[in-house]
Amino acid sequence: MQLEDTFKKVKAASQALGLMTDGQRKEVLDAVASAMTKHQDEILAANALDLKQMGNQNPMYDRLMLTAKRLEDIASDMRHVARLPSPLGKITKDTVRPNGLHLRRVSVPFGVIGMIYEARPNVTFDVFSLCFKSGNACILKGGRDADQTNQAEVALIHKVLENFHIAPAVVTLLPATHEATGEMLSAVGYIDLCIPRGSKRLINYVRENAKVPVIETGAGVVHIYFDESGDLEIGKAIVYNSKCRRPSVCNALDCLIIHESRVSQLPELCQPLTKKQVRLTVDEKAYAALKGKYPDELLFHAGSQTYETEWLDYAMGIKTVASLDEALSHIAIYGSGHSECIVTENPASAQHFQAMVDAACVYVNAATSFTDGGQFGLGAEIGISTQKLGARGPMGLEEITTYKWLIDGHGQTRP
């Protein structure tokens with residue numbers, strides 16, 4: 001491997017992290033957060049170069065864009081992470097066996113976490129803060145679209161680490177090349193866990209090619225089911241917020257499912273979406289209800305791929321169903337296990353929906369935009385896991401630790 005020496009340095013640096021106290025980690029994270037504010041012009045200048053290359057018509061533009069306010073929020077998240085209880089050294093099992101052996105199960109870092117992500121420069125800071133707080137080194141592989149920004153961010157982090165006499169290799173940015181991705185996925189013995197965060201195509205590629213352990217995150221085909229008893233005003237607010245708050249993120253709404261008894265109210269339910277010129281791709285019943293009452297240039301007939309699409313833009317599908325069970329069946333076919341919601345005033349329907357939907361986050365009368373580590377009280381997030389083995393949903397500090405058994409004896413041998 002061309003990058004083997006780089007991986008060796010990160011592995012060695014990760015071992016030194018275990019000697020730091022939580023107080024020392026807090027001090028470093030606070031210093032990085034302060035440096036972000038002090039040097040925000042440098043980061044924003046680098047980000048402007050990336051944005052210029054992308055162009056504002058790209059659906060990923062909003063994900064790529066940093067502002068002074070967004071940097072301030074990222075710094076605030078980092079300070080919050082710094083003050084969270086340490087996830088390390090927690091004893092989750094403590095028992096003495098009949099033969100006198102004392103067994104304890106204690107939380108420890110993974111060691112080296114590899115992160116592959118696309119045009120999301122906030123991830124660079126979020127991953128560093130979570131990994132550093134949890135005693136993990138991190139290897140970052142960003143996309144070409146955000147490379148200037150990522151380089152500026154990692155350079156800033158390195159300056160702070162050097163001031164504290166910490167090896168900069170504890171956070172290492174790889175070249176933004178396809179070849180670097182391949183080497184990262186083959187870095188057995190160097191990378192303990194790899195987390196892809198981005199499009200379905202990226203996640204599938206990582207899963208199919210990785211030789212190191214992987215946790216899948218990010219891809220989300222998200223539904224809201226507007227039940228026959230749903231409150232119209234609540235539904236309008238939830239649909240608009242879930243779709244339009246930030247359409248390029250993975251918790252954004254992709255498909256509105258509506259009970260056929262409420263289809264006549266679709267124009268009112270969707271009216272707030274016109275403020276953002278949201279394109280609706282809909283089935284025949286929904287089309288008939290919306291025709292002439294929603295802008296014609298934003299209304300389209302559903303096609304074969306409508307309901308499997310993660311739009312990442314001001315666009316979504318609409319599906320009409322005859323029952324809650326039909327809505328559940330649609331979600332079971334097209335959902336990605338990310339976030340699903342029901343708008344209903346019927347407690348039995350709400351309970352049935354939450355019991356039957358197979359997803360990491362299942363909402364009743366609340367926007368799917370809340371699927372976020374910060375909103376769940378985790379500080380920042382390293383990703384949102386859509387799998388079931390290990391972490392599921394927003395992943396914070398606890399989800400990037402593992403454990404080991406400590407066994408104390410006094411000469412016992414096994415017969």
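Author: In this predicted model, a residue counts as charged if it is Asp, Glu, Lys or Arg, while Gly is among those that count as polar.

Reader: What makes up the space of the second largest pocket, and which elements supply at least two residues of its lining?

Author: The second largest pocket holds about 520 Å³, a volume that is the space filled by probe spheres set on the grid points. Strand 3 (112–117), helix 8 (178–185) and helix 9 (200–209) each supply at least two residues of the lining, and the largest share, 3 residues, comes from helix 9.

Reader: What is the volume of the largest pocket, and which residues are the closest to its centre?

Author: The largest pocket has a volume of about 790 Å³. It is lined by 33 residues, of which Asp77, Asn122, Arg245, Arg246 and Asp372 are the closest to its centre. A residue belongs to the lining because it has an atom within 4 Å of a point of the pocket.

Reader: Which element gives the largest share of the lining of the largest pocket, and how do the classes divide there?

Author: Helix 5 gives the largest share, 5 residues, and the lining has 9 nonpolar, 12 polar and 12 charged residues.

Definitions and conventions
Residues are numbered from 1 along each chain as its sequence is written. This is a predicted model: local features need pLDDT of at least 70, side-chain atom pairs count only at pLDDT 80 or more; totals for chains, interfaces and linings use all residues. Side-chain values use heavy atoms; hydrogens and water are left out. On a 1 Å grid over the protein atoms alone, a cavity is a set of points where a 1.4 Å probe fits but cannot get out, and a pocket is an open set with protein on both sides within 12 Å along at least five of seven lines; lining residues have an atom within 4 Å of a point. Helices (H or I, at least four residues) and strands (E, at least two) are DSSP runs, numbered from the N terminus.
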